[in-house]
Amino acid sequence: MEESALGLVLIPLLAVLAPLLGRAIGPIMRVPVVVFELLLGILVGPAVFGWVHPNEFIGMFSEFGLAMLFFLAGSEIDFATIGRRPLARASLGWALSIVLGLGVGFLLVPGEGMIVIAIALSSTALGTLMPILRDAGELTTPFGRAVTVIGTVGEFLPLIAISIFLGVRSASVATVVLLLFVVLALLAVFAARRIPHGRLHAFVSATLHTSAQFGVRFLLLLIAALVALSLWLDLDILLGAFVAGTVWRIVISSADEEDAAQVDSKIEGIAFGFLVPIFFIYTGVTFDLQALLESPLATALVPVLLLAMLIIRGTAAQFSASDGMGMRDRSALAFLAATGLPIIVAVAAIGVDRDLIGSHIAAALIGAGMLSVLLYPLIGMTLRGDRAAVQARAGSESQGEL
């Protein structure tokens, strides 16, 4: 079988196998399905068996998967619920992350490469955490909202930093271009808020169970338009995908609740059933394990960077912890905030392409990001505990205060 054809069969096979492995190991420990996707991608990639190799066709779908991950992250955010103060506190924590990350970067690669390190270490994988929080029933809890605001800032502001400091333009020109994008994005948000959606919602509802599927088609057009705007302005496409998610949430928020849930379910099916698994599996396929193992420095850096992520993002996360959170929940918040991979993959690729960091440093960063996805959500959600246990603990604490 030709290599490209083998990849077309193996990647869907691994996408099916990953949740089965997660279900099998579930009684022992809760492991996010993305962990199995990454590990299986490494196994079938050039690093181990060599059955699947990087190619443009699968890489294109991987890019779509990453964009969809950021779209979903943007669509989960309700800025009206979050409020300005939590966003300000999380932004202050992110600023601290950048400063600490620059310190780590200066020790590793003095020069412009330290910006790559700082951005990677200041990120939080909101798109990876959202399914975990949703499955645990935590999205609407104070703890879940704290993770959401941390992740929002930890995904959006690193994208801004990439556009300004690692773009092909000078920082001043990049800032002007970015401001232009922000203005256009705000216009899209304003239009989404002001334009009546009655006819749109009616047509979406009328085609929910027909071949027209207007709601899905409209949403994909929205993503394509804002991603194309990002490309036209020579910005990272993830910015457009993230903004598309926030615009979609505004548009669908006034629709019939059942219709909105059905459209969201269809989009999640496309994302988590098709595109997002390709991104994580392909990330495993493209992981340069050889560069990591052949460099003693890179191998030693993986646990160092993993610990740095926990210290840097875990410390920043405490800015978003509510006064009522105990040490257990604060620790859980720190581990979840330190979970990062998608932006690490993106910024590491930029760093290598522009000769700002070596491939061994990039492999160490991505390796640490993979381990953070493997370990930190598991530790964080274990510390948090099951909802029933959390509610019982909160009840006993309140009774103790009385």
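Colleague: How are α15 and α18 oriented to each other?

Modeller: In this predicted model, the axes of α15 (residues 296–317) and α18 (residues 359–384) come within 8 Å and cross at roughly 50°. Axes are lines fitted to C-alpha atoms, for helices over the stretch in contact, and angles run from 0 to 180 degrees between N-to-C directions. Angles under 35 degrees count as roughly parallel, over 145 as roughly antiparallel, 65 to 115 as roughly perpendicular and the rest as oblique. α15 and α18 are therefore oblique.

Colleague: How are residues and helices numbered, and which limits apply to the model?

Modeller: Residues are numbered from 1 along each chain as its sequence is written, and side-chain values use heavy atoms, without hydrogens and water. The model is predicted: local features need pLDDT of at least 70, side-chain atom pairs count only at pLDDT 80 or more, and totals for chains, interfaces and linings use all residues. Helices (H or I, at least four residues) and strands (E, at least two) are DSSP runs, numbered from the N terminus.

Colleague: Which classes of residue make the contact of α15 with α18?

Modeller: Contact means heavy atoms within 4.5 Å. Leu297, Leu301 and Leu305 are among the α15 residues in it, and Ile361, Gly367 and Tyr376 among those of α18. Ala, Val, Leu, Ile, Met, Phe, Trp, Tyr, Cys and Pro count as nonpolar, Asp, Glu, Lys and Arg as charged, and the others, Gly among them, as polar. The tally is 16 nonpolar, four polar and no charged residues.

Colleague: α8 meets α17 too. What is their relative orientation?

Modeller: Their axes are 11 Å apart. The packing angle is about 10°. That makes α8 and α17 roughly parallel.

Colleague: Which residues of α17 make that contact with α8?

Modeller: From α8 come Gly154, Glu155, Pro158, Leu159 and Ile162. By class, the contact has six nonpolar, one polar and one charged residues. On the α17 side are Ile343, Val347 and Ile350.

Colleague: Where does α17 end, and which residue just after it has a positive phi?

Modeller: Helix α17 covers residues 342–353, twelve in number. It reaches 17 Å from first C-alpha to last, close to the 16 Å expected at 1.5 Å a residue. The expected span is 1.5 Å times one less than the number of residues. Just after α17, a positive phi of about 60° belongs to aspartate 355.

Colleague: Does the span of α5 agree or disagree with expectation?

Modeller: Helix α5 (residues 84–108) has 25 residues, so at 1.5 Å a residue it should span 36 Å. Its end C-alpha atoms are 36 Å apart. The two values agree.

Colleague: Which helices do the buried residues of α5 pack against?

Modeller: Buried means under 20% relative accessible area, exposed over 50%, partly exposed in between (1.4 Å probe, protein chains only). In α5 the buried residues include Trp94, Ser97 and Ile98. They pack against α6 (113–121), α8 and α15.

Colleague: Is valine 109 buried or exposed?

Modeller: Valine 109 lies in the loop between α5 and α6. Not counting residues up to four places away in sequence, valine 109 touches Met114, Ile117 and Ile357. Its relative accessible area is 14%, so valine 109 is buried.

Colleague: What is the relative accessibility of threonine 148?

Modeller: Threonine 148 is found in helix α8. Leaving aside neighbours within four places in sequence, it is in contact with Ile77, Leu126, Met130 and Leu139. Threonine 148 counts as buried, at 7%.

Colleague: How far apart are the C-alpha atoms of leucine 14 and leucine 39?

Modeller: Leucine 14 is in helix α1 (residues 3–25). Leucine 14 is buried, with a relative accessible area of 5%. Leucine 39 is 25 residues away along the chain, and the C-alpha separation is 10.0 Å.

Colleague: Is aspartate 234 buried or partly exposed?

Modeller: Aspartate 234 is found in the loop between α11 and α12 (237–253). Its phi is near 60°, a positive value in a residue other than glycine. At 43% relative accessibility, aspartate 234 counts as partly exposed.
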